[in-house]
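Visitor: I have a structure to read. Where do I start?

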Amino acid sequence: MAVTKTIRAIGHRIVDAVWRIGSATRFFILALLYSGASFKRFHLIIKELFSSGVMSLIIILVAGLFVGMVLGLQGYETLKRYGSESALGSLVALSLVRELGPVLAALLFASRAGSAMTAEIGLMKATEQISAMEMMAVNPIARIVAPRFWAGVISMPLLAALFSAVGVFGGYLVGVVQIGVDEGSFWAQMQAAVDFREDILNGVLKSFVFGTVVTVIALFEGYDAQATAEGVSGATTRTVVNSSLAILMLDFVLTAIMFRGN
Amino acid sequence: MERTTLDLWVGMFVVAGLAALVALAMKVGNLGTYNVSESYQVYGYFQNIGGLKAKASIKSAGVLVGRVTSITLDTQRYEAKVVMSLDKRYQFPKDTFANILTSGLLGEQYIGLMPGGDEEMLKEGEQVKQTQSAVVLEEMIGKFLYNKAAEPEKITVPEK
């Protein structure tokens, strides 16, 4: 029966997804439990901070600059119709600090650093390095997963802050330097509109949540990958797809909680 | 502990990230302009506050002198009670007039203070007695139309 087969296939997929969410949560808790050991050996975290944070700097800075410049151009064109070009500063800053900074930095981070983490851990598994560690009584979660997790959680808010700051500078370059919006009103309107607690700290909180989710997804997919070349490539794809979807969906939920009623 | 170039790069990354955060807070946000000078609170009743919100600015002669702390409806008088926090450096006479004004045609609303001539100054917790409500555009148009209709048409008597 074709119908029962389809229904069965759908049910199987859903059960499988719930199953994976459950194992990912257990994996996340294990990583938290074993992170005490990795804080004692901080140089492991430093090494991972370099490969996930410092190496993502260039893409984050360039992307932030151009996103800010586009915002400056498009915002100016739209605001000009209402004769309120002076509000350009607050438009650029609010959209960057609240939304674009955390979200775009997290998307870039997922595809730049998350995929690399998955591939690395998946290959470690395929070449049986993880089993070898277990044989030597080294806990692979404490040695491999926890340092990468903390590196991701620490670097994500910093990257998002850099993205927003560079983006505001890009908006300034296009809006003030090139188009010629009044510099004083650009900064003054921005400072009047952006609140430190409500906008900037909420943006930081958002990027912190995204950093946690992206790193957990990337590490779990790598750790869970089938130990074949095909399995690793599939896991890398799943990391990018799942973490992008998770970022965008979580962003809606977080925005609804944080900015409602203002 | 050994120092490596790796540490230097990571250190630079962390410092740059924190610097970006501080720059956002100071240059983009309102933390740089927010002066924590001492303030005193006064309140006033308005019949209609229009679009006034908490944290709206209070200006006198165009100079920012304080912020609106809270807006509540007083069910004793069915009027809006607006608590204003004013900078200690600026003292206002007791018969100061509080107006709800709009900056520009579609801008946000703020409270304008017009000082009176009283010798005594407003103190912490006192009431600003003279207030004027926000101008609601619909009401104004309604009044205008009503007046127009009530106006007797001028009859020009043709001269013979």
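Guide: Start with the elements. Helices here are DSSP runs of H or I with at least four residues, and strands are runs of E with at least two. Keep in mind that this is a predicted model.

Visitor: How many helices and strands are there in chain A?

Guide: Chain A has 10 helices and 0 strands. Read from the N terminus, the order is α-α-α-α-α-α-α-α-α-α.

Visitor: What does the C-alpha trace of chain A span along its principal axes?

Guide: The span is about 65 × 55 × 35 Å. Chain A has 262 residues, and 44% of them count as buried. Now look at contacts between residues at least 6 apart in sequence: 87% of these join residues at least 24 apart.

Visitor: How do I describe two packed helices?

Guide: Use the angle between their axes and the distance between the axes. Take α5(A), residues 88–126, and α10(A), residues 229–258. Their axes come within 9 Å and cross at roughly 150°.

Visitor: Are α5(A) and α10(A) roughly parallel or antiparallel?

Guide: Angles over 145 degrees count as roughly antiparallel. Therefore α5(A) and α10(A) are roughly antiparallel to each other. The crossing of α5(A) past α10(A) is right-handed.

Visitor: Which residues meet in α5(A) and α10(A)?

Guide: On α5(A), they include A:V103, A:A110, A:G114 and A:A126. On α10(A), A:G231, A:A235, A:I247 and A:D251 are among them. The residues of this contact divide into 11 nonpolar, 10 polar and 1 charged.

Terms used. Residues numbered from 1 in each chain as written. Chains lettered and ligands numbered in written order. Predicted model: local features only at pLDDT ≥ 70, side-chain atom pairs only at ≥ 80, totals over all residues. Buried ≥ 20, exposed ≤ 12 C-beta atoms within 10 Å, placed from the backbone. Contact = placed C-beta atoms within 7 Å. Axes fitted to C-alpha atoms, helices over the stretch in contact; angles between N-to-C directions. Parallel < 35°, antiparallel > 145°, perpendicular 65-115°, else oblique. Left-handed = near helix turned anticlockwise from the far one by under 90°. Nonpolar A, V, L, I, M, F, W, Y, C, P; charged D, E, K, R; others polar.
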